[in-house]
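Hi everyone, thanks for coming.

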Amino acid sequence: MPSKLSAPTLVLVPGRPDPLASWDTKRQARYTSSGAVPSVHFLLDASGSMYNQVQPLLRAYHLTLWTLRPLLSPLTQVEVWAFRDTSELLRQGCLGTLEPLTAWDYTPSGDTRLKRALANLLDATTSPGLHVLIVLSDGMDAPEDDGERARVRALMTMRQAESWLCIYLGAFPEALGEALAIGFHEGNTVTFSRAHLLQAFAILQKGLQRFLTASAADQKLLAATGIFPDQFSEEISHGRG
């Protein structure tokens with residue numbers, strides 16, 4: 001029987017007000033539109049080919065959340081989508097209080113439709129400011145026509161030019177080839193295989209910290225080229241193995 005995974009939540013300091021207490025719809029809209037911090041979007045592969053990767057994917061997802069929490073405001077808005085033949089919204093809310101996912105929430109089935117899910121998210125998200133997109137997949141996408149692939153690549157090019165940071169975490173090294181084919185930059189891809197999971201997320205933490213603490217001009221450059229510095233290239237190659 002699957003067990004619920006725990007995750008750190010927002011810690012309140014005695015005597016200080018809860019920053020989430022007044023988080024109403026109007027304030028959320030103002031905060032999101034201000035561009036002060038990124039909005040975070042997860043796309044989790046929930047197709048049938050991920051049936052044997054449930055626990056590695058959940059660990060990778062939670063490690064990514066724990067990596068983001070020290071770097072971003074607890075009020076950062078996060079949405080978590082699972083994609084297969086269709087996309088399903090699993091979680092939406094503030095980074096500081098987002099509940100963990102369990103094997104009851106995430107049940108793989110159906111075909112992999114990454115290009116469709118990715119294109120729909122990129123096309124539908126129009127709010128200004130920085131965005132961090134994180135895809136976790138095995139790369140076994142169902143065949144699509146040339147128009148679908150071209151649509152995804154065009155949207156990826158446009159969004160990354162707008163300072164979207166698009167990261168691809170592959171279940172296997174072979175998945176990274178599919179990531180590059182649909183427009184992810186090589187410097188923003190790494191695997192989350194069991195053998196190198198912690199090493200991969202140490203690399204990811206360094207890259208995200210580098211991006212989120214950079215100036216606006218440098219963020220745009222990093223989004224368009226990759227967040228992993230040259231000195232981590234050897235670590236990255238190991239993390240992809």
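Let's begin with a pair of helices: α3 (residues 114-124) packs against α4 (residues 146-161) at an angle of about 40°, and their axes are 9 Å apart. Helices here are DSSP runs of H or I with at least four residues, strands are runs of E with at least two, and both are numbered from the N terminus. Axes are lines fitted to C-alpha atoms, for helices over the stretch in contact, and angles run from 0 to 180 degrees between N-to-C directions.

Before going further, a word on the source: this is a predicted model, where local features need pLDDT of at least 70 and side-chain atom pairs count only at pLDDT 80 or more, while totals for chains, interfaces and linings use all residues. Residues are numbered from 1 along each chain as its sequence is written, and side-chain values use heavy atoms, leaving out hydrogens and water.

Back to our helices. α3 and α4 are therefore oblique to each other; that word covers whatever is left once angles under 35 degrees count as roughly parallel, over 145 as roughly antiparallel and 65 to 115 as roughly perpendicular. Their crossing is left-handed, meaning that the near helix is turned anticlockwise from the far one by less than a right angle (clockwise would be right-handed). Where do they meet? On the α3 side the residues include Lys115, Leu118 and Leu122, and on the α4 side they include Val152, Leu155 and Met156. Contact means heavy atoms within 4.5 Å.

Now for the sheet. It is open, has six strands in the order β3-β2-β1-β4-β5-β6, and its pairing is mixed. The edge strands, each pairing on one side only, are β3 (87-94) and β6 (189-191). From one strand to the next, the twist averages 15°. In general, strands of a sheet pair through backbone hydrogen bonds, either parallel or antiparallel; to count as a pair here, two strands need at least two bridges found by DSSP. Strand β2 (residues 77-83) and β3 run antiparallel, joined by seven bridges. Lying across β5 (164-170) and β6 is helix α6 (residues 197-212), which runs at about 180° to β5.

How many aromatic pairs are there? The count comes to two, with rings of Phe, Tyr and Trp (its six-membered ring) pairing if their centres lie within 6.5 Å; planes under 30 degrees apart are stacked, over 60 edge-to-face and the rest tilted. Phe42 and Tyr61 make an edge-to-face pair, 5.0 Å centre to centre with 75° between the planes. Phe42 sits in strand β1 (residues 39-45) and Tyr61 in helix α2 (residues 54-68), so this pair ties together parts 19 residues apart in sequence. Phe42 counts as buried, at 0% relative accessibility; buried means under 20% relative accessible area, exposed over 50%, and partly exposed in between (1.4 Å probe, protein chains only). Tyr61 is buried as well, also at 0%. Tyr168 and Phe184 are edge-to-face too, at 5.3 Å and 70°.

My last stop is Leu136, in strand β4 (residues 131-137). Is Leu136 buried or exposed? At 0% relative accessibility, Leu136 counts as buried.
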